[in-house]
Amino acid sequence: MRLFIALLLTACLTSNAVSQSKIDKTLEKLNSNSVPYISVDELKHTENHIILDTRTKKEFQVSHLKNALWVGHKKFQIDALNKYVTDKNKPIVVYCSIGVRSENIGEKLLKAGYTNVQNLYGGIFEWKNKGNPVYDHEGNKTEKVHAYSKHWGKLLTKGDKIYQPKPEELDTKHE
């Protein structure tokens with residue numbers, strides 16, 4: 001029995017380490033580090049950040065970080081954000097699935113004069129992989145995370161992977 005528990009514990013720890021390694025390698029390959037990173041642990045222990053979700057509306061509606069504002073990626077409009085965030089020195093954290101799309105939005109924010117922008121390292125996948133809560137479109141805690149695709153979903157090791165949300169998982173009033 002002890003051997004079984006030890007093997008199970010080793011498998012869990014190895015799975016998280018392999019996932020983290022893959023996220024590290026993917027970000028190293030796809031990102032330019034043009035927007036400074038903030039770690040999941042750092043974000044958990046700070047307050048007063050404006051958190052911006054740069055994924056698609058469907059991804060956001062399946063789950064997002066608490067109090068995150070959806071800004072999207074392809075349809076992101078800096079003018080719309082300027083109405084909500086008037087202090088360009090206010091700390092802002094951008095995130096997506098792992099941190100690639102959010103780096104693009106972070107670059108736009110920096111170019112627009114926002115001075116305190118950080119990219120969540122590993123995105124919502126790393127947030128959930130470390131056991132942190134996510135919330136659905138009604139504000140309820142959920143285990144569901146939109147995994148974007150089967151390829152990217154391999155980087156999500158905790159939670160329930162959703163690829164195509166069901167109609168009841170979407171808030172169609174605000175699309």
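Predicted model: local features only at pLDDT ≥ 70, side-chain atom pairs only at ≥ 80, totals over all residues.
View 1. When neighbours within four places in sequence are left aside, E143 is one of the residues in contact with K128, along with V134, T142, V145, L156, K158 and G159.

**View 2. The largest nonpolar core.** This core has 21 residues. The members that touch the most other members are L43, L65, Y95, L120, I124, F125 and W127. At least two residues each come from α1 (2–30), α2 (40–44), β4 and α6. Helix α6 gives the largest share, three residues.

View 3. Apart from neighbours within four places in sequence, L120 is in contact with L43, L65, Y95 and W127, among others. The contact list of L120 also includes I38, S39, V40, V93, V94, I98 and G99. Another core, of 13 residues, lies apart from the largest one; I50, L52, I105 and V117 are among its members.

**View 4. Helix α5 and what covers it.** Helix α5 runs over residues 100–111, twelve residues in total. From first C-alpha to last it reaches 17 Å, close to the 16 Å expected at 1.5 Å a residue. Its buried residues are R101, S102, E103, I105, G106 and L109. An α-helix has 3.6 residues a turn, so residues three or four places apart point the same way. Among the elements covering the buried residues of α5 are the strands β2 (50–53), β4 (92–95) and β5 (117–120). The helices α3 (57–62) and α4 (78–84) are also part of this cover. After α5 comes G113, with a positive phi near 100 degrees.

**View 5. N104 on helix α5.** N104 is located in helix α5. Is N104 buried or partly exposed? N104 is partly exposed because its relative accessible area is 32%, which falls between the 20% and 50% limits. A polar contact of 3.4 Å links the side chain of N104 to that of H73. N104 and S32 are separated by 72 residues in sequence, with their C-alpha atoms 9.9 Å apart in space.

Methods. Residues numbered from 1 in each chain as written. Heavy atoms only, no water. Helix = DSSP H or I, 4+ residues; strand = E, 2+ residues; numbered from the N terminus. Expected span 1.5 Å × (residues − 1). Buried < 20%, exposed > 50% of the residue type's maximum accessible area, 1.4 Å probe, protein only. Contact = heavy atoms within 4.5 Å. Polar contact = N/O pair within 3.5 Å; in protein donor to acceptor, adjacent residues only side chain to side chain. Core = buried A, V, L, I, M, F, W, Y, C linked by side-chain atoms within 4.5 Å.
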